Amino acid sequence: VAGAAAKGAGIKEVGNDVMYVSEYFSQSAQKLSFYSWYGNAKLFHFRVPEDTILLRWLLQASRGKGPECTSMQITIHFRYGAPPVINPLGTHFPSNTTIHPSYNQTITVTAALQNSTFVNITNPAAGDWFIAAHLPEAAGKIEVKGFSSPCAYIFQPDMFVLRTIDVPVLEPDTPMQQTIVSPARPLHVKIFIPEYTTMLHFELRRCMVNVSMTCAVRVTLGSVTLPQSFQKMLNCTGRGRCSMTLDSPPWEKRLQITAESLSTTSASVSFEMIASFSGACPSHSGTVQPAQTSGWHTVFLKGQQPHQTNASTQGSSCLHNQPVIREDLDVVSVRFRVINEPSVPVQSEFPTLLLFNLNTGVDSGGTLMLNLLLNKTSLNLRNASVAACLSAASPVLSLNSTHNCSTAFFQGYLLNVTMSSMEATLIIPYPETANWFLSMQLNCPKNQGECDKAKAKVTVSAYLSPCFDDCGTYGQCSLLRRHGYLYAGCSCKAGWGGWSCTDNTKAQSVGTQTLATLLLTLSNLLFLPAIAIAVYRYYLVEASVYIYTMFFSTFYHACDQPGVAVMCIMDYDTLQYCDFLGSVVSIWVTILCMSRVKKILKYVLFVLGILIIAMSLQLDRKGIWNMMGPCLFALVILATAWVYLGVKRCHCYPSSWKRWVFYLLPGITLAFVAIAVYAFMETNDNYYYTHRIWHILVATSVAFLLPPQDKHKKPWAWPQKLICRYQICQNDREELYAVT
């Protein structure tokens with residue numbers, strides 16, 4: 001695992017000549033976030049080695065020491081094979097979505113010191129394990145970066161494993177004699193399940209406790225997986241043989257077998273293990289050589305099934321293996337294409353099998369979508385149906401009798417298409433890393449004989465994509481990364497929620513979205529009075545800045561809206577940068593204009609300030625000091641200039657009480673109220689209203705704070721300028737006459 005360190009130490013147990021190795025894996029701590037979408041959950045990826053008999057997670061959580069830090073509950077989710085599918089907000093998943101709730105545990109952080117807990121798993125499955133951790137639901141407060149200091153909650157998981165060396169391998173049809181020395185030392189054995197195995201029969205015989213023929217042994221087949229575990233238990237007590245039969249064991253996997261003594265004393269227990277398969281044997285050579293039949297393969301299965309107890313599999317003698325091509329399209333994006341024919345033939349005698357390879361280790365971070373469409377013209381039986389089962393690790397090889405969509409260690413997903421309901425869809429978020437199998441079989445519930453000569457054709461569409469339906473109209477699909485592992489999540493807008501942004505419980509209507517857009521865009525028109533006043537008083541540079549700010553603020557908020565009420569005249573990032581730049585520069589030029597410094601100095605400060613502000617925004621666009629820095633520096637210049645003018649004129653500046661009462665004090669009050677609304681009142685729910693108020697207050701305060709025009713300048717006389725031709729000539733003549 002990337003970013004993990006490991007330590008190992010071997011300990012030899014003389015009694016059983018078994019070597020145990022302990023290893024330690026650790027990942028860097030991460031700062032947790034309040035939950036609003038899956039991207040807020042911090043994901044940790046571990047790989048459990050083969051032959052691990054004990055897995056222990058050390059979960060450590062801590063918090064900061066500031067007064068803003070309170071007791072907080074951290075939720076931790078565990079899952080084997082893929083990231084956990086979580087739903088802390090209780091939203092709805094898309095229709096036809098099937099999920100297994102994750103196994104979770106909570107840690108309450110109550111002090112600045114570290115809180116820790118352990119999670120132990122005996123006989124865990126080898127492979128990928130994932131942990132996701134997050135804080136409770138986000139409050140929705142929009143925090144201004146640098147203005148407040150939220151509390152830091154830190155979480156770090158460490159993994160300890162204990163695994164065995166040289167685990168005995170149980171060969172098929174070969175008895176293995178074993179002895180359990182004491183109840184504290186269980187016995188571990190593994191057996192390899194070959195491909196096309198339909199049944200595993202395990203038997204424990206000749207069991208003795210010391211010299212007595214009374215047996216007291218518990219045998220566990222399989223490993224622990226989370227959130228669901230399908231381990232099989234076999235209690236062998238008393239006399240006689242003890243056996244178990246497993247249908248559809250996982251193909252090409254090493255199955256872990258654990259035997260432990262149930263004896264209360266330290267007496268040794270001896271017994272004999274034997275296992276046999278019903279597997280693939282299509283030819284005398286023993287190799288799988290499928291026969292070509294009408295563009296699809298038939299794999300014949302061995303009829304030998306010793307000690308068979310499950311009648312549901314007795315009729316299965318072969319299956320049709322339909323070849324499938326995997327096409328990698330992009331990151332976490334795969335399409336599966338059936339070779340030769342777009343439709344897959346399905347019969348009642350044998351199941352049809354399709355393999356979807358999701359065993360690459362990089363496919364579990366997407367969403368698997370399966371669609372079945374029955375060809376209406378291919379089937380004339382009204383009561384017939386096609387049962388389909390999608391399962392991982394091994395297929396279900398009989399669907400015409402019990403419709404039981406489960407294998408030895410996995411609960412599959414059952415689908416059904418009929419003449420009345422010809423289409424079925426299945427959505428699986430974060431599918432487990434494994435080979436997935438789709439089994440299909442034709443059924444006639446009322447009269448199975450009708451289906452013997454019938455054949456149905458089903459169009460199978462299967463693909464893996466980062467997000468279902470690209471998160472819809474009101475969501476954005478984002479690729480997330482953790483130490484090289486890529487996974488996807490949906491970030492929803494406009495009140496929509498859910499795993500794929502399909503939950504409209506709190507969704508905004510189109511009218512609400514349009515109103516929100518109008519509130520944020522049209523409120524910028526309040527800059528028009530400030531622009532008119534600036535132009536009237538000959539503050540043309542300031543007026544140009546206000547026009548720039550009004551324009552880009554209007555179209556930035558028109559582009560920033562979720563849903564359908566959105567319009568972008570250029571790239572979103574460009575509009576955002578120009579909006580932030582215009583807002584800060586407007587404050588900068590307004591305060592400098594109020595300072596009444598000389599023109600040449602004022603324009604030099606204008607240019608230098610704009611260049612520095614542009615650089616600062618490029619470094620950190622949302623930092624609070626991008627606005628506070630220019631404001632404080634401009635206020636220092638303002639105070640210095642006013643003090644200088646007051647000393648020079650020997651009275652307070654500005655000297656007019658009317659200027660203070662009717663302009664400066666209202667403008668300053670509006671500015672402070674605007675800052676308070678911007679910094680403390682904005683939330684995700686009231687953003688459309690509070691940010692509109694911010695626009696109105698800032699624009700109005702600028703109109704109040706702009707200083708009066710210079711006394712030696714005349715106001716703009718637009719009517720005179722329009723009819724001034726004769727006046728200009730008359731003045732020229734008078735001037736010429738005076739010179740002459």
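**Helices, then loops**

Trainee: How far apart are the end C-alpha atoms of helix α1 (residues 510-522)?

Mentor: Helix α1 has 13 residues, so at 1.5 Å a residue it should span 18 Å; the expected span is 1.5 Å times one less than the number of residues. Helices here are DSSP runs of H or I (at least four residues), strands are runs of E (at least two), and both are numbered from the N terminus. The end C-alpha atoms of α1 agree with the expectation, at 18 Å.

Trainee: What kind of model is this?

Mentor: Residues are numbered from 1 along each chain as its sequence is written, and side-chain values use heavy atoms, with hydrogens and water left out. Local features need pLDDT of at least 70, side-chain atom pairs count only at pLDDT 80 or more, and totals for chains, interfaces and linings use all residues; the model is predicted.

Trainee: How are α2 and α3 oriented to each other?

Mentor: Helix α2 (residues 527-536) and helix α3 (residues 540-559) pack at about 160°, with axes 8 Å apart. Those axes are lines fitted to C-alpha atoms over the stretch in contact, and angles run from 0 to 180 degrees between N-to-C directions. Angles under 35 degrees count as roughly parallel, over 145 as roughly antiparallel, 65 to 115 as roughly perpendicular and the rest as oblique. The pair α2 and α3 is therefore roughly antiparallel.

Trainee: By class, what makes up the contact of α2 with α3?

Mentor: F527, L528, A530, I531, A534 and V535 of α2 meet L540, A543, Y546, I547, T549 and M550 of α3. Ala, Val, Leu, Ile, Met, Phe, Trp, Tyr, Cys and Pro count as nonpolar, Asp, Glu, Lys and Arg as charged, and the others, Gly among them, as polar. That gives the contact 11 nonpolar, 1 polar and no charged residues.

Trainee: Is I531 buried or exposed?

Mentor: I531 is in α2 and touches A543, Y546, I547 and M550, leaving out residues up to four places away in sequence. Its C-alpha atom is separated by 8.0 Å from that of A703, 172 residues apart along the chain. At 9% relative accessibility, I531 counts as buried.

Trainee: And how does E423 count at 48% relative accessibility?

Mentor: E423 is in strand β30 (residues 423-429) and touches N371, L372, L373 and V417, not counting residues up to four places away in sequence. At 48%, E423 counts as partly exposed.

Trainee: What is omega for the peptide bond from Y653 to P654?

Mentor: P654 is in the loop between α6 (625-649) and α7 (657-681). Most peptide bonds are trans. The bond from Y653 to P654 is cis, with omega near -5°.

Trainee: What is phi of A393?

Mentor: A393 is in the loop between β28 (385-392) and β29 (413-418), and is buried at 19% relative accessible area. Most residues other than glycine have a negative phi. A393 has a positive value, near 75°.

Note on methods:
Contact means heavy atoms within 4.5 Å. Buried means under 20% relative accessible area, exposed over 50%, partly exposed in between (1.4 Å probe, protein chains only).
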